[in-house]
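Subject: The structure you asked about

Hello,

Here is the structure for you to look through. Please open it first, and then read my notes below with the picture beside you.

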Amino acid sequence: MSPLIETIGVGKSYGGVVALRDVSMVVEPGEVTCVLGDNGAGKSTLIKILAGVHRHDTGELRVGGEAVRFASPREALDRGIATVYQDLAVVPLMSVWRNFVLGAEPTRGIGPIRLLDRARALRTTRNALSDMGIELDDLEQPVGTLSGGQRQCVAVARAVHYGAKVLILDEPTAALGVKQAGVVLRYVVQARDRGLGVILITHNPHHAYPVGDRFVLLERGTVTGSYRKSEIDVNELTRQMAGGAELEALQHELQRVVRP
Ligand SMILES: Nc1ncnc2c1ncn2[C@@H]1O[C@H](COP(=O)(O)OP(=O)(O)O)[C@@H](O)[C@H]1O
Ligand SMILES: [Mg+2]
């Protein structure tokens, strides 16, 4: 079986800025692939290529074994690749249920006269959320009034409900406290358990490690490490994220300063 997604030596520049160079990774169903890296590492660029927002300049992107170049996010979505962006693609003033069915609104009516089937949309939303164990009292409230964590959870439930095969999350826990981050990560695991291939972008190894099956470390556009969980522990992952040797040198230096 081919992986859900595979990148082979993918590269991308913005004008003169090389954002990605020779990036290879795989995404398998029922696994969480974590992409880790500091600001500017190229994480968002990588997933925008997978999501059809940008085109790669070099290398190959394969979906289900087939080389593709997405012309638009619509094409990626049609192949089952759903993306939850950092700046969430929701309409803040629209209700939770309206956002949930956005683009897939159930209608009723006769012939060409179609009306939004509000009751069905509400039911769909409520069922899909409760299916994932998400309880929201008021589905009429504007999405903008939900907490950051709740919004991420609704977005995950939406992707699962509409049959995504790949779910990409760009730093879903970056702006969240420990408790909310934990809740979001629980839904990441649920999506994985339903057989989706999840790509989790984060710069926090402590968020990645408990839920991740594979870890891809990006540094200034290049893959500096690629591991299965069995090949690395959380300390080593943290060390590599922190720039390993550099951090050790700093600690050494600090000890000297603190204890002269
Ligand atoms: N639309 C763009 N135009 C020009 N440069 C960009 C654009 N998007 C990202 N970059 C540059 O590409 C590099 C990688 O950025 P990005 O993929 O956003 O990294 P990350 O998500 O890991 O913080 C950075 O140097 C950034 O400034
Ligand atoms: Mg980013």
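A word to start with: two strands count as paired if DSSP finds at least two bridges between them. With that in hand, take D170, which stands opposite I201 in β10. Please keep in mind as you read that this is a predicted model.

In general, the strands of a sheet pair through backbone hydrogen bonds, either parallel or antiparallel. Here, six strands make an open sheet, and their order is β6-β9-β10-β3-β11-β12, with mixed pairing. At the edges are β6 (81-84) and β12 (222-228), each of which pairs on one side only. From one strand to the next, the twist averages 15°.

β9 and β10 run parallel and are joined by five bridges. Five bridges also join β3 to β10, again in parallel, and in that pair C34 stands opposite L200 in β10. On to β11: strand β3 (residues 32-36) runs parallel to strand β11 (residues 214-219), with four bridges between them. There, L36 has L217 of β11 as its bridge partner.

**A closer look at β10**

Is β10 buried or exposed? Six of its six residues are buried, so β10 is largely enclosed by the rest of the structure. In a regular strand, side chains alternate between the two faces of the sheet. You can follow this in β10: G197, I199 and I201 point one way, while V198, L200 and T202 point the other way, and all of them are buried.

**The helices beside the sheet**

β10 also belongs to a right-handed β-α-β unit, made with β9 and helix α6 (residues 178-193). Helix α5 (residues 148-161) lies across β6 and β9, and runs at about 175° to β6.

Helix α1 (residues 43-50) lies across β3, β6, β9 (166-170), β10 (197-202) and β11, and its angle to β9 is about 155°. α1 is mostly covered, with eight of its eight residues buried; among them are K43, L46 and I49. Just after α1 comes G52, which takes a positive phi of about 85°.

**Around the ligand**

Which residues are around ligand 1? They are Y14, V17, A19, G37, N39, G40, A41, G42, K43, S44 and T45. By type, this shell divides into four nonpolar residues, six polar and one charged. β2 (17-27) and α1 each supply at least two residues of the shell, and α1 gives the most, with three residues.

**The four-stranded sheet**

β2 takes us to another sheet. Four strands form this open sheet in the order β2-β1-β4-β5, and the pairing is antiparallel. Its edge strands are β2 and β5 (66-67), each pairing on one side only. Strand β1 (residues 5-14) pairs with β2 in the antiparallel sense over seven bridges. If you want one pair to find on screen, I5 has V27 of β2 as its bridge partner.

Happy exploring, and write back with any questions.

Best wishes

Note on methods: Residues are numbered from 1 along each chain as its sequence is written. Chains are lettered from A and ligands numbered from 1 in the order in which they are written. This is a predicted model: local features need pLDDT of at least 70, side-chain atom pairs count only at pLDDT 80 or more; totals for chains, interfaces and linings use all residues. Axes are lines fitted to C-alpha atoms, for helices over the stretch in contact, and angles run from 0 to 180 degrees between N-to-C directions. Two residues are in contact if their C-beta atoms, placed from the backbone, lie within 7 Å. A residue is near a molecule or strand if its C-beta atom, placed from the backbone, lies within 6 Å of it. Ala, Val, Leu, Ile, Met, Phe, Trp, Tyr, Cys and Pro count as nonpolar, Asp, Glu, Lys and Arg as charged, and the others, Gly among them, as polar. A residue is buried if 20 or more other C-beta atoms lie within 10 Å of its own, exposed if 12 or fewer, and partly exposed in between; C-beta atoms are placed from the backbone. A crossover is right-handed if, with the strands pointing away from the viewer, the path from the first strand over the helix to the second runs clockwise.
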